[in-house]
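Me: I have a structure open and would like to learn how to read it. Could we go through some features one at a time?

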Amino acid sequence: MAIRRIMVLGEDDVLRKHARRVDKFDKRLRTLLDDMADTMYKADGVGLAAPQVGVLRRAVVIDVGDGLIELVNPQIVASEGAVVGAEGCLSVPGRRGTVERPERVTVTAQNRDGRAMQLEAEGLLAVAMCHEIDHLDGVLYVDKMIEDVTDQDDEDGE
Ligand code: NI
């Protein structure tokens, strides 16, 4: 396990590229997921996507306080409602902005062994999933930002 360097917006166009599907569930993937979790926790984040550490693969890690979730090849297959909340991003340090996200999402993904799973999420977990899955398509929250709230009171986010 190791801490990897988090790419910052403007530093590298890797954050703007489309990540490829994971097709090999091997030791390399397990190491990537382990390192991503270490890197996320070290940075006090609640989510991290592989492109943020320079790897163009569809893998994300999330922990909104209820334990680590690893999602490989995640897809939002259903969403419901809309809610506006403040978000931050480890690749856009020191800034926060409001974004509209679904209230509830259904996500399909694989685990690190390639086993298919389906998750229902709401609240902060749903927001984190949308935010991280956007990263896999080169989309950052600032692209969807309604208002920059960097200097306003802090809220939980990722
Ligand atoms: Ni982010």
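This is a predicted model: local features need pLDDT of at least 70, side-chain atom pairs count only at pLDDT 80 or more; totals for chains, interfaces and linings use all residues.

Me: Is His-135 buried or exposed?
Reply: The same cut-off applies, under 20% for buried. His-135 has a value of 1%, so it is buried.

Me: Where do His-131 and His-135 lie?
Reply: Both are in helix α2, residues 123-135. They are four residues apart, about one turn of the helix.

Me: What does Gln-52 touch?
Reply: A contact here means heavy atoms within 4.5 Å. Leaving out residues up to four places away in sequence, the contacts of Gln-52 include Cys-89, Glu-132 and His-135. Others among them are Arg-5, Ile-6 and Met-7. Gln-52 sits in the loop between β1 (47-49) and β2 (59-62), and it is buried, with a relative accessible area of 1%.

Me: How should I read a strand, and why is β6 largely enclosed by the rest of the structure?
Reply: In a regular strand the side chains alternate between the two faces of the sheet. As for β6 (residues 104-110), five of its seven residues are buried, so the rest of the structure largely encloses this strand.

Me: Which strands pair with β6?
Reply: Strand β3 (residues 69-80) pairs with β6 in the antiparallel sense over six bridges, and Glu-80 has Arg-104 as its bridge partner. Strand β7 (residues 116-122) also pairs with β6 in the antiparallel sense, over seven bridges. In that pairing, Thr-106 stands opposite Glu-120.

Me: How do I read the length and the packing of helix α1?
Reply: Compare the span with the expected one. Helix α1 (residues 27-42) has 16 residues and reaches 22 Å from its first C-alpha to its last, close to the 22 Å expected at 1.5 Å a residue. Its buried residues include Leu-29, Leu-32 and Leu-33. The buried residues of α1 pack against β1, β2 and β3. Just after α1, Asp-44 takes a positive phi of about 60°.

Note on methods
Residues are numbered from 1 along each chain as its sequence is written. Side-chain values use heavy atoms; hydrogens and water are left out. Buried means under 20% relative accessible area, exposed over 50%, partly exposed in between (1.4 Å probe, protein chains only). Helices (H or I, at least four residues) and strands (E, at least two) are DSSP runs, numbered from the N terminus. Two strands pair if DSSP finds at least two bridges between them. The expected span of a helix is 1.5 Å times one less than its number of residues.
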